[in-house]
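These are my notes from going through one model, entry by entry. I start with helix packing and then turn to single residues.

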Amino acid sequence: MGKTTLVKEFCSRMGVEFRSVSVSGDTRFESLFGRREIRNGSTEYVEQGLAEMFRTGGVFCANEFFRMDPGEAMRMVEFLDSEGSLTNPETGEVIPRHPEFRFCFTGNSGGFGDESGAYAGERRGSFALRDRFFIMELPEMSEKDEQKMLIRAVPQLENTPFVERMVSAARAVRAAFVGRGGGLPVDISPRALVRWGNLFVSPAYQAYDTGNGVMSNPVIESLEDACLNGVPQDAREAVLELVKQWINID
């Protein structure tokens with residue numbers, strides 16, 4: 001459903017080992033190789049992630065890559081430009097490169113920062129580093145494909161009018177998201193759409209009592225719990241107004 005999931009699924013179908021890590025501004029190059037763990041009362045270094053895939057052949061994915069400090073990220077040039085070996089900075093071991101090793105990353109900004117404020121922590125990365133990758137931009141699913149995705153994830157919705165209505169509502173909110181030039185600080189992503197669908201069909205939401213003997217609208221309750229709790233009131237009301245255009249909300 002997400003960017004990392006796509007790579008993971010591809011590797012699974014190809015029979016290729018896959019490892020991933022989510023990076024941040026505090027991530028250091030050394031931490032991609034492994035970590036120290038307490039085993040049998042002593043501290044041991046355990047090789048993981050990048051070092052493991054580099055040695056055995058596989059795909060290593062750095063999620064949200066451009067949240068990483070640009071200087072730390074540039075240290076990857078050592079193995080991106082060389083087909084020979086990689087020195088583990090933790091142990092000093094020189095690891096030979098497996099011919100099937102591949103490195104990839106995911107991100108929301110493409111390395112040019114995020115002026116919208118939708119993806120806090122995104123940094124402007126070095127173009128010299130970005131230029132070493134083949135960049136792919138994933139298009140949005142078609143409306144029909146998104147409906148199929150929702151039915152597969154929440155089969156109880158099949159043969160109901162809610163599939164088309166929920167997908168249309170989610171896409172309308174998504175189009176108004178700040179990350180797409182709109183004004184809403186929140187959207188209904190495909191991930192949130194599935195969460196909304198699962199909550200909506202839950203018996204607990206279908207029979208939710210507000211406490212005054214009045215049954216709540218399961219569409220509202222499930223949508224709010226799926227992605228609107230904690231959202232500023234004006235943004236919450238704007239989302240509900242958009243959703244009302246597609247789903248009958250009293």
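**Entry 1: helices α10 and α11**

I looked up how helix α10 (residues 218-228) sits against α11, and found that the two axes come within 12 Å and cross at roughly 130°. This is a predicted model, so I read the geometry as the prediction's. I noted the hand of the crossing of α10 and α11 as right-handed.

Which residues make the contact between α10 and α11? On the α10 side I listed L223, E224 and L228, and on the α11 side R236, V239, L240 and V243. Sorted by class, the contact of α10 with α11 holds five nonpolar residues, two charged ones and no polar ones.

**Entry 2: helices α7 and α11**

Next I took helix α7 (residues 162-175) against helix α11 (residues 233-244). They pack at an angle of about 135°, and their axes are 9 Å apart. That angle makes α7 oblique to α11. I recorded a right-handed crossing for α7 passing α11.

The α7 side of the contact consists of A169, A172 and V173, and the α11 side of V239, L242 and V243. By class I counted six nonpolar residues in the contact of α7 with α11, with no polar and no charged ones. Going back over both lists, I see V239 and V243 of α11 in the contact with α10, and V239 and V243 also in the contact with α7.

**Entry 3: S168**

Is S168 buried or exposed? The relative accessible area of S168 is 12%, and the cut-off for buried is under 20%, so S168 is buried. The side chain of S168 makes a polar contact with the side chain of E143, at 2.8 Å. Setting aside neighbours within four places in sequence, I found S168 in contact with E143 and W246.

**Entry 4: N159**

I then checked the loop between α6 (143-153) and α7, where N159 is placed. N159 is not a glycine, yet its phi is positive, about 65°.

**Entry 5: E64 and D69**

The loop between β4 (59-63) and α3 (70-74) gave me two residues to look up. E64 lies in this loop, and E64 has a positive phi of about 55° although it is not a glycine. D69 lies in the loop between β4 and α3 too. With 27% relative accessibility, D69 counts as partly exposed.

What does the side chain of D69 reach? I found the backbone nitrogen of G71, at 3.0 Å. I also looked at D69 with R28: they are 41 residues apart in sequence, and their C-alpha atoms are 8.1 Å apart in space.

**Entry 6: T27**

I moved to the loop between β1 (18-22) and β2 (34-39), where T27 is found. At 11% relative accessibility, T27 counts as buried. A polar atom of the T27 side chain lies 2.8 Å from the backbone nitrogen of S24. Not counting residues up to four places away in sequence, T27 touches S22, L32, M68 and E72.

**Entry 7: helix α2**

For helix α2 (residues 49-56) I listed the buried residues, which are G49, L50, A51, M53 and F54. Just after α2 I noted G57, which takes a positive phi of about 90°.

**Entry 8: totals**

Last, I looked up the overall counts. The protein has eleven helices and seven strands. Of its 250 residues, 38% count as buried. I also took the contacts between residues at least 6 apart in sequence, and 63% of these join residues at least 24 apart.

Conventions
Residues numbered from 1 in each chain as written. Predicted model: local features only at pLDDT ≥ 70, side-chain atom pairs only at ≥ 80, totals over all residues. Heavy atoms only, no water. Axes fitted to C-alpha atoms, helices over the stretch in contact; angles between N-to-C directions. Helix = DSSP H or I, 4+ residues; strand = E, 2+ residues; numbered from the N terminus. Parallel < 35°, antiparallel > 145°, perpendicular 65-115°, else oblique. Left-handed = near helix turned anticlockwise from the far one by under 90°. Contact = heavy atoms within 4.5 Å. Nonpolar A, V, L, I, M, F, W, Y, C, P; charged D, E, K, R; others polar. Buried < 20%, exposed > 50% of the residue type's maximum accessible area, 1.4 Å probe, protein only. Polar contact = N/O pair within 3.5 Å; in protein donor to acceptor, adjacent residues only side chain to side chain.
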